[in-house]
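Please look over the sequence and the structure below before reading on.

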2 protein chains.
Amino acid sequence: MAGKVFFSVSMSLDGFIAPESMEWLTATAEQRTQDPRLERWMAQWMELQQWVFPTRFFRENLRFGEGGEEGLDNDIARLTFERTGASVMGKRMFDAGEHSWPEDAPFHTPVFVVTHEKRDPWERLGGTRFYFVNDGIESALSQVRDVAGDRDVRIAGGGATILEYVNAGLIDEFSIALSPVLFGTGIRLFEGVDAGRVALEPIRAESSPRVTHLTYAVRER
Amino acid sequence: MAGKVFFSVSMSLDGFIAPESMEWLTATAEQRTQDPRLERWMAQWMELQQWVFPTRFFRENLRFGEGGEEGLDNDIARLTFERTGASVMGKRMFDAGEHSWPEDAPFHTPVFVVTHEKRDPWERLGGTRFYFVNDGIESALSQVRDVAGDRDVRIAGGGATILEYVNAGLIDEFSIALSPVLFGTGIRLFEGVDAGRVALEPIRAESSPRVTHLTYAVRER
């Protein structure tokens with residue numbers, strides 16, 4: 001049985017899944033001090049993701065060692081990881097992560113990067129291997145399905161790539177960790193969604209003290 | 001003890017609390033047939049509010065007679081009404097409603113309309129009385145607090161008026177009925193929010209089969 005195609009993101013209550021820019025990821029502390037926008041973008045990201053950092057799974061997966069919290073947030077972070085047989089990623093998310101993920105990258109599965117760049121597979125410690133796909137999102141999905149087996153396929157991000165899959169009718173379900181924060185500006189998850197095509201069916205909603213976890217199935221209208 | 005200042009709205013998962021226009025409210029069936037935008041705006045509104053129509057409270061409050069569903073959605077609709085001692089409303093919401101609310105308007109309390117229009121109070125059946133306030137949102141709030149007594153003050157809408165109160169730091173808490181629907185376009189609740197000023201604290205999150213009810217307290221950052 002083929003797995004599901006899903007995405008899972010953290011979203012601010014006003015609909016943003018990332019700050020305007022992720023440049024802060026590769027900026028030095030001095031650069032951040034000189035440019036208050038970098039500080040703000042970093043702070044926004046940290047607030048958006050604040051529910052995951054204290055979890056035991058997050059610490060384990062990044063090899064931070066023992067400790068961390070159990071509970072709903074941890075269960076969901078772990079389940080999201082364990083269901084994923086392989087991932088698809090857009091070029092912008094890959095570029096932002098390439099120089100900031102640890103050598104032991106946190107995916108531990110194959111990751112297919114949709115890009116115009118031709119490049120040999122890039123193997124990291126711990127089982128993450130990036131493949132570079134040059135012929136579009138459907139081809140990437142077909143390849144990632146083949147390697148995911150009966151586990152699920154995660155569209156990892158970023159926002160533009162997720163939206164392409166949504167609008168192409170290729171997403172089966174998705175989860176949002178709705179964070180109690182307002183951004184005002186940034187990258188909106190559903191900016192440009194083909195609203196006349198997508199119907200949603202609520203599957204689950206559960207809250208921890210930090211965040212509300214929402215899962216929806218996607219149906220054709 | 002003075003009550004809280006709150007708002008309570010239904011919001012699409014992509015952050016919209018109303019379609020681009022409410023013209024469909026006063027359009028004839030023939031006009032709607034001739035202009036597909038009117039049909040779409042009406043359909044969006046119905047989808048956004050679909051959780052409230054089947055409730056016993058909704059039927060009672062609009063004098064539709066007996067019947068309707070009990071349960072979480074009904075409890076929340078009723079509680080939102082019962083906690084409200086008086087409301088503030090923006091000019092645009094009033095204009096949209098003036099010719100479409102029944103004569104026995106659904107507020108059954110004083111409603112202060114923030115407007116440049118000078119106008120005598122307008123009394124409706126069933127205890128709704130509209131007052132027209134010409135000197136801004138803080139004055140309207142002060143007047144509505146006086147008549148609300150120890151019950152809460154509701155900022156009824158529309159979106160622009162709610163946002164003015166949010167950005168002025170005058171909201172204590174708010175509730176969102178997050179509907180499983182994507183609009184793509186429309187009136188965004190938090191468009192233009194002063195994100196650097198507003199911090200949110202999650203208070204409650206509960207789901208019915210139709211919608212997720214979220215409540216947040218507003219804090220100064």
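**From the sheet to the interface**

In chain B, strand S8 (residues 173–179) and strand S11 (residues 212–220) pair in the antiparallel sense over six bridges, where strands are DSSP runs (E, at least two residues) numbered from the N terminus and two strands pair if DSSP finds at least two bridges between them. Within this pairing, Glu173(B) has Ala217(B) in S11(B) as its bridge partner. The model is predicted, so local features need pLDDT of at least 70 and side-chain atom pairs count only at pLDDT 80 or more, while totals for chains, interfaces and linings use all residues. Residues are numbered from 1 along each chain as its sequence is written, chains are lettered from A and ligands numbered from 1 in the order in which they are written, and side-chain values use heavy atoms, with hydrogens and water left out.

Both strands belong to an open sheet of nine strands in chain B, with mixed pairing and the order S5-S6-S4-S3-S7-S1-S8-S11-S10. Strand S5 (122–123) and strand S10 (198–207) of chain B each have a single partner strand, so one side of each is left without a neighbour in the sheet.

Turning to the interface, 27 residues of chain B are in contact (heavy atoms within 4.5 Å) with 27 residues of chain A. Across this interface the rule finds four salt bridges, a salt bridge being a side-chain nitrogen of Lys or Arg within 4 Å of a carboxyl oxygen of Asp or Glu. Glu191(A) forms a salt bridge with Arg188(B), and their closest N and O atoms are 3.5 Å apart. On the side of chain B that touches chain A, the elements that give two or more residues are S8, S10 and S11 of chain B, and S10(B) gives the most, with five residues.

Key: Helices (H or I, at least four residues) and strands (E, at least two) are DSSP runs, numbered from the N terminus.
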